[in-house]
Amino acid sequence: MQDPKIDYEAVFRDLPGMVALLTPELVYIDANQDFERLSGRTREELVGRYIFDVFPENPKDPAAAGMRETRESMLRAATTGERDTMALLRYDIEDPLRPGRWVEHFWSPVNAPVRGPDGKVTLIVHRVEEVTEFVRAFGGRADDRRARVLEAELYTRARELQEVNERLRRAHAHEREVALTLQAAMLPPPRPVGHHRAAVRYQPAVDALNVCGDWYDLVDLPNGGMAVAVGDVVGHGLAAACAMGQLRSALSAACRVADGPGSALEALGLYARFVEGAESATAVTTFIDWDDHTITYSCAGHPPPALLDPDGTVTFLDQATDPPLGARPEHLGRPQASVSFAADSSLVLYTDGLIERRTEDIDRGLTHLADSLAHHRHAEPEPLADALLADLLPAEGNTDDTALVVLRL
């Protein structure tokens, strides 16, 4: 049996409840029948017009805040790509039949973004429940005075909740900004690596509560070789950024004096026991010997580095894996393994934000990474890094931050 064809335009027109579609600039492009009926405005009076030109704020109410709060909610949805549910809102509407007469209304609005194929927000779905009668009837109709008191109390509590939510949003946004600034200051900038070309990326998560735990580092070794490392701290925000900075600096120092990556991670694991927020952090480090064309590596609970040969073959360096930092109560040495590489190969280190998705097995993410590397095997490090992020990260934005290093060997 074939699926019936659905007339989505007809479905939208007949949706129960008030629903309108607006551009990210808050211009109406459509409205359903209930929106027209309950707002007292025809579709022709809505489409193509800025929302607050159609519904200006009541000039007779100096305390009115409905327009500001509605605009901020819609712009948040357009900017963050996340649904924004507003608290109970009073927004009076001018009677279309009696200009200058404003009618008291209470609303329960939700603003939801719609993304286009490129992941950018193209529409705002504005759904509104008209709850004026409910608010007026709250507490019972028998005692009108008591009902009005309860109405005022309900409205006041809703406004307080809205203000608390707004303060929390501003606080989270400020913490994110500070944490990202600290993160950027502690991560090394791109720099020449002799005649070897390298690219580094840090892609913060779209979720303000899930950033600043990932890091990368490139270290010149005393013997002329190089150490390349990435790591991931469990946590988010300023605490994760601080722990990340301490671990990155400690591993950078350990790599310069250790006789191999296993010893460097062993020292880092001992240090992590005394760093708040470093519990169960993961890391991988590779020592590159340019003369012998070998990579020696060790992983502490981290996804394996990928070695891309010039012919497109991808090898995951997964023969020296161990638990995350500080995960074992006893002190044991960490394993390491070595692999040879051909000239013009590429070494790729990354954090789990690049390959892990809540709805997929990690092997699927590794397969996607291998396929992308093989497809772009001729690309230089900078365009290869961009291609990997474009191919593997979700179009709507990654839910975990991602660090990436691409080194041409």
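How are α10 and α11 oriented to each other: parallel, antiparallel, perpendicular or oblique? In this predicted model, their axes cross at roughly 140°, and angles over 145 would be needed to count as roughly antiparallel; α10 and α11 are therefore oblique to each other. Here is a short tour of that helix pair, with the overall picture and a look at one serine.

**The chain as a whole**
- The protein chain carries 11 helices and 19 strands.
- Of its 409 residues, 47% are buried.
- Among contacts with a separation of 6 or more, 61% join residues 24 or more positions apart.
- The accessible surface of the chain is about 20600 Å², and carbon and sulfur atoms contribute 54% of that.

**The α10–α11 pair**
- Helix α10 spans residues 362–375 and helix α11 spans residues 381–392, with axes that come within 10 Å.
- If you look at the handedness, the crossing of α10 and α11 is right-handed.
- On the α10 side, the contact is made by G365, H368, L369, S372 and L373, which meet L384, A387, L388, D391 and L392 of α11.
- The residues of this contact comprise six nonpolar, three polar and one charged.

**A closer look at S345**
- You will find S345 in the loop between β17 (337–340) and β18 (346–350).
- S345 has a relative accessible area of 0%, so with the cut-off for buried at under 20%, S345 is buried.
- Leaving aside residues up to four places away in sequence, S345 touches L307, L308, D309 and P310, as well as L407, R408 and L409.
- G312 is 33 residues from S345 along the chain, and their C-alpha atoms are separated by 9.1 Å.

Definitions and conventions:
Residues numbered from 1 in each chain as written. Predicted model: local features only at pLDDT ≥ 70, side-chain atom pairs only at ≥ 80, totals over all residues. Heavy atoms only, no water. Helix = DSSP H or I, 4+ residues; strand = E, 2+ residues; numbered from the N terminus. Buried < 20%, exposed > 50% of the residue type's maximum accessible area, 1.4 Å probe, protein only. Contact = heavy atoms within 4.5 Å. Areas by Shrake-Rupley, 256 points an atom, 1.4 Å probe, with all protein chains shown as cover. Axes fitted to C-alpha atoms, helices over the stretch in contact; angles between N-to-C directions. Parallel < 35°, antiparallel > 145°, perpendicular 65-115°, else oblique. Left-handed = near helix turned anticlockwise from the far one by under 90°. Nonpolar A, V, L, I, M, F, W, Y, C, P; charged D, E, K, R; others polar.
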